[in-house]
Amino acid sequence: MVVLSLVSLLLMTLDQRTSLVAPLRDGLALLVEPIQRLAGLPGSMAVRLREDWAGRERLLADNRRLRRTLRELRLRQQKLEALEAENARLRRLVGAAQRLAPQRVEIAELIAVDLDPYRQVVLIDRGSLQGVYEGQPVLDDAGVMGQVIEVAPDTALVILVSDPSHAVPVQIPRNGLRSVAAGTGRPDRLHLLYIPNSADVRVGDQVTTSGLGGRFPADYPVGVVTAVEHRPGEPFAEITARPLARLDRSREVLLLWWRSPQDQAPARSPVPGKADGDPAS
Amino acid sequence: MWIGGSLAAALFLELTPLPEGWNVWRPPWVLLTLLYWTMAVPHRVGVAVAWTSGLLVDAATGALLGQHALGYAVTAYLMLRLHAQLRSFPLLQQALTMTLLLLPYMSIMLWVRGVAGHPPGSWSYWLPLVSTAPAWILLTVVLGRVARLRPSGMRAEHPDV
């Protein structure tokens, strides 16, 4: 009993501070995965049943609506591609670093299980076997959802932007103001930190990732400012935002593979790297 | 194996999604199941089994590795000390005693969460204590049936279930 207690304390310390126990965690995660998936079934079955019972009329209407949206998006995409090319050209002209588009995007499904009511964490059905890595950005179609904190072979844990221990470097594109969006523990509220009282922030301002810190690529939508409170006597204003991603409703999330500019830097001198990379060919 | 099966079922109950707002009431199913078996067949389920199950729960819920293991092991130890008295209690009294027995467990979990940097920060953390007594009564009824299905081993140790 005493020995086991000490072992648990040791394990917890190792798990918190190092990645030494990761293999053990992987093995255990594999063991419990069937139960996790089974436990997720009632939730996903409820949704599937609802879909099955949706009337023909509704499906047809949905289809029409989706086709219209697709057409509109395609149109916009054409414009975007032209703009992207132009942007790249201009950036080369002024010698600025290229903004990177994500190299790969994949859809993962949430496994509908309740993990811990006091943390904003969700489980997804992709893991290290599918190339998911720790720190990987996770989005839904509306905005940034969070990042991967733990990878098992077939599943991964994602911490949401609303978790109190999570923070994203952000900016307000309207005026380039930088801040950090910290979670509050409530899925509908983020705090924008370190914005001076005198700064120009208004309700309704868009908040996007700034790309600082290298975890999240720049310019993805995070939230919308919902309240600005200037507090006399305090150095910073109290600003809250609502996350754009549907943190408590999305069933499917997007995993982004990309390399931050920091990782990119060594690869920029292509000649030696390439020579080392494939001596066979 | 019945014990393993019931623990797997308990883990299922611990993870399966509940309607919004209900999950703060969720009783610690795995721990209660462990405690039931510790009380019924202390020679087979004890601190070691509790610790191992705790480790699995840690992996399943994404908690710090060792967090539930520690809590379960301590509670199972207390149960081992008390199982002789508890077995002779009437069911209602047993259920209320479980609530008390869970206090050290909940405190350990709270402490670990605090140290790990995500304290629950809300009094609703203690709500599972309320749902423990009804859950225990339910478990005793269901697992009592299970134990009776099994011909040997358990009955010798625990004839009155």
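**Close-up 1. A:Asp219, a partly exposed loop residue.** In this predicted model, A:Asp219 has a relative accessibility of 38%, so it counts as partly exposed. Look for A:Asp219 in the loop between E9 and strand E10 (221–229) of chain A. Its phi is near 70°, which is positive even though the residue isn't a glycine. Most residues other than glycine have a negative phi.

**Close-up 2. A:Tyr194, another residue with a positive phi.** Here the loop runs between strand E8 (190–193) and strand E9 (206–209) of chain A, and A:Tyr194 sits in it. Phi of A:Tyr194 is near 60°, again a positive value in a residue other than glycine. Is A:Tyr194 buried or exposed? With a relative accessible area of 53%, A:Tyr194 is exposed.

**Close-up 3. A nonpolar patch with residues from chains A and B.** Six names to find here: A:Met1, A:Val2, A:Leu6, A:Leu9, B:Trp111 and B:Val115 make a nonpolar surface patch of about 580 Å². Two elements give two or more residues each: helix H1 (2–17) of chain A and helix H5 (91–116) of chain B. H1(A) gives the largest share, three residues. B:Trp111 belongs to helix H5 of chain B and is partly exposed, at 47% relative accessible area.

**Close-up 4. Helix H5 of chain B, kink included.** H5(B) runs for 26 residues and spans 37 Å from first C-alpha to last, close to the 38 Å expected at 1.5 Å a residue. Where's the kink? There's a bend of about 30° at B:Leu102, shortly before the proline B:Pro104. After H5(B) comes B:Gly117, with a positive phi near 95°.

Conventions: Residues numbered from 1 in each chain as written. Chains lettered and ligands numbered in written order. Predicted model: local features only at pLDDT ≥ 70, side-chain atom pairs only at ≥ 80, totals over all residues. Heavy atoms only, no water. Patch = residues over 30% accessible without salt bridge, like charges linked within 9 Å, V, L, I, M, F, W, Y side chains within 5 Å. Areas by Shrake-Rupley, 256 points an atom, 1.4 Å probe, with all protein chains shown as cover. Salt bridge = Lys/Arg side-chain N within 4 Å of Asp/Glu carboxyl O. Helix = DSSP H or I, 4+ residues; strand = E, 2+ residues; numbered from the N terminus. Buried < 20%, exposed > 50% of the residue type's maximum accessible area, 1.4 Å probe, protein only. Expected span 1.5 Å × (residues − 1). Bend = angle between axes of the 7 residues up to and from the residue.
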